[in-house]
Amino acid sequence: MPKLLIALFAAAHIAFAIPAAFAADDPGAQITRPAGYKPMAGDAALGERLFNDARLSTNGMSCASCHANHGAFQASFAKPYPHTVAMAKEQLGRKTVYLDEMIQGCMVMPMAAKPLPWDSKELAGLTAYLLTVQKTFKPSH
Ligand code: HEC
């Protein structure tokens with residue numbers, strides 16, 4: 001996508017209304033940090049509540065449905081971000097992802113929802129909480 005278009009989408013906060021044609025060309029675009037994105041400090045306590053909240057999905061799942069007690073995390077989760085996550089690579093063509101991008105990946109894939117607004121306290125909170133979860137994660141293989 002031309003840089004100008006990306007900037008326009010980001011500026012107008014309509015990054016998630018990317019026309020289907022773009023999404024089909026690059027399914028990873030919907031989880032890619034918009035131009036000029038600056039991660040915000042987040043509230044991990046809010047993130048923990050959201051992690052357990054099925055209202056984030058359209059299919060009755062919460063993040064905790066899969067990830068409680070480190071469930072569904074592969075060894076990659078222990079590595080600093082950005083890194084390769086098999087699901088994002090195979091399904092969205094993203095070679096490496098930042099943590100906030102991977103949260104968006106789980107919003108659009110297993111949670112069957114829209115990505116969270118990039119400048120939201122929800123995304124910042126989930127990111128802050130997942131960083132605390134990552135610190136206690138020991139890969140078993
Ligand atoms: C239906 C099960 C399911 C749900 C629900 C789910 N995920 Fe995931 N998640 C996965 C799977 C599967 C992977 C990919 C594991 C892989 O490919 O290495 C993953 C990967 C991740 C990763 C990357 C781990 C790494 O290796 O870096 C993060 C972070 C994550 N999920 C957070 C979330 C958050 C936050 C939510 C809720 C918004 C969520 N997930 C909802 C199944 C789920």
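What share of the 141 residues in the protein chain is buried? Buried residues make up 25% of the chain, where buried means that 20 or more other C-beta atoms, placed from the backbone, lie within 10 Å of the residue's own. This is a predicted model, in which local features need pLDDT of at least 70, side-chain atom pairs count only at pLDDT 80 or more, and totals for chains, interfaces and linings use all residues. Residues are numbered from 1 along each chain as its sequence is written.

**Overall build**
- The protein chain has seven helices and zero strands, taken as DSSP runs (helices: H or I, at least four residues; strands: E, at least two) and numbered from the N terminus.
- Along the sequence, the pattern reads α-α-α-α-α-α-α.

**Around the ligand**
- The ligand is surrounded by 23 residues, the closest being Cys63, Cys66, Gln74, Cys106 and Pro110; a residue counts if its C-beta atom, placed from the backbone, lies within 6 Å.
- Two or more residues each come from α4 (63-67), α5 (86-92), α6 (99-108) and α7 (121-135).
- Helix α6 gives the most, with five residues.
- This shell has 19 nonpolar, four polar and no charged residues; Ala, Val, Leu, Ile, Met, Phe, Trp, Tyr, Cys and Pro count as nonpolar, Asp, Glu, Lys and Arg as charged, and the others, Gly among them, as polar.

**Where α3 meets α7**
- The axes of α3 (residues 44-51) and α7 come within 7 Å and cross at roughly 95 degrees; axes are lines fitted to C-alpha atoms over the stretch in contact, with angles from 0 to 180 degrees between N-to-C directions.
- The two helices, α3 and α7, are therefore roughly perpendicular (65 to 115 degrees).

Notes
Buried ≥ 20, exposed ≤ 12 C-beta atoms within 10 Å, placed from the backbone. Parallel < 35°, antiparallel > 145°, perpendicular 65-115°, else oblique.
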